[in-house]
Amino acid sequence: MTKILAFNWKMNPGKLKTAISLARASDFKGAVIMPPFIFIEEIAKVLKKAKLGAQDLSWENPPAGRGAFTGEVSAKELKNLGVEYVIVGHSERRLKLNETDEMINKKVLTALGAGLKVILCVGEGLAIRKNGKKSVEKFIKSQLQKDLKGINKLLVISHKSLSHNLVIAYEPVWAIGTGRSDTPKDVIEIINFIKKSLVISHKSSVKILYGGSVSGKNIKNFVQYNDIDGYLIGGASLKLSEVNKIIQICLEK
Ligand code: PGA
């Protein structure tokens, strides 16, 4: 199976020209390029093999996909631009913008209902990790329960397997942007816990990624494990040399 390499550019790289070179260098099968909203339309023109993603969406999705929601971007607007994936519940939005599980749940249901593939981010902070494995599991289970509430009902209404469109990214908050990634052993344990905890139909088709300081240097420690379906990569996705290394290592596998 081709691994998913989701490149989360966050509020970068600032200039369209740089964004285009980065997109060209990252344009491989399995890659999902997630630029800021302002660059999506131009990046869509560049990509031939990679998929296009967005970093967020509005939970409001009026029938025409437009309305009086200042600053928001709807699922329909994203789809019209060729976006296939959307990140929901990134810890930076949870912690810095006070996004709650209730808000995240609304976004998950809206995105899946509109036919977008969701990358739902879950993961514990340092204090919880220090409390031990049981605390981590309890925290993640609670995030999953709240963020995925109602998903089975949606499945019945839409009469199709939405689980193909759900991707979970395990991103321990303390590993994001710190240069200190989690160990493959711990990641695999949590991934298996997530698989066990999901209470949705066809859960075997849900893919699970790891994110948190993945780089050209440490990705080789992870790629040998089939339990990890791919990676959500922030900082390293902005450096051409890192992107080249990451893609090379994943292609070799
Ligand atoms: P990082 O970011 O790779 O820079 O740690 C990952 C993320 O925030 O998704």
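Tutor: Contact here means heavy atoms within 4.5 Å. Keep in mind that this is a predicted model.

Student: Okay. What is Ile246 in contact with, leaving aside neighbours within four places in sequence?

Tutor: Ile246 is in contact with Leu5, Ser215, Gly216, Ile219, Ile233 and Ala236.

Student: And where is the place of Ile246?

Tutor: Ile246 sits in helix 11, which covers residues 240-252.

Student: Is Ile246 buried or exposed?

Tutor: Buried. Its relative accessible area is 0%, and buried means under 20%.

Student: How far apart are Ile246 and Pro62 in space?

Tutor: They are 39 Å apart, C-alpha to C-alpha. In sequence, 184 residues separate Ile246 and Pro62.

Student: New topic. Where is Ser197 found?

Tutor: Ser197 is in helix 9, residues 184-197.

Student: Why does Ser197 count as buried?

Tutor: Because its relative accessibility is 16%, and the cut-off for buried is under 20%.

Student: What does Ser197 touch, not counting residues up to four places away in sequence?

Tutor: Lys141 and Leu144. Both of these belong to helix 7, and they are among the residues there that meet helix 9.

Student: Which other residues in helix 7 take part?

Tutor: Lys133, Val136, Glu137 and Ile140. On the helix 9 side, Glu189, Ile190, Phe193 and Ile194 join Ser197.

Student: What classes are the residues in that contact?

Tutor: The contact of helix 7 with helix 9 has 6 nonpolar, 1 polar and 4 charged residues.

Student: At what angle do helix 7 and helix 9 pack?

Tutor: About 45°, with their axes 10 Å apart. Helix 7 spans residues 133-147.

Student: Is the crossing left-handed or right-handed?

Tutor: Right-handed, as helix 7 passes helix 9.

Student: Now the core. Which residues touch the most other members of the largest nonpolar core?

Tutor: Ile43, Ile168, Ile194 and Tyr231. That core has 67 residues.

Student: What does Ile168 touch, again not counting residues up to four places away in sequence?

Tutor: Leu120, Val122, Leu144, Leu148, Ile194, Leu198, Val206, Lys207, Ile208 and Leu209.

Student: How many residues are in the other core?

Tutor: 12 residues, among them Ala6, Ile87, Cys121 and Leu232. That core lies apart from the largest one.

Notes: Residues are numbered from 1 along each chain as its sequence is written. This is a predicted model: local features need pLDDT of at least 70, side-chain atom pairs count only at pLDDT 80 or more; totals for chains, interfaces and linings use all residues. Side-chain values use heavy atoms; hydrogens and water are left out. Helices (H or I, at least four residues) and strands (E, at least two) are DSSP runs, numbered from the N terminus. Buried means under 20% relative accessible area, exposed over 50%, partly exposed in between (1.4 Å probe, protein chains only). Axes are lines fitted to C-alpha atoms, for helices over the stretch in contact, and angles run from 0 to 180 degrees between N-to-C directions. A crossing is left-handed if the near helix is turned anticlockwise from the far one by less than a right angle, and right-handed if clockwise. Ala, Val, Leu, Ile, Met, Phe, Trp, Tyr, Cys and Pro count as nonpolar, Asp, Glu, Lys and Arg as charged, and the others, Gly among them, as polar. A nonpolar core is a set of buried Ala, Val, Leu, Ile, Met, Phe, Trp, Tyr and Cys residues joined through side-chain atoms within 4.5 Å.
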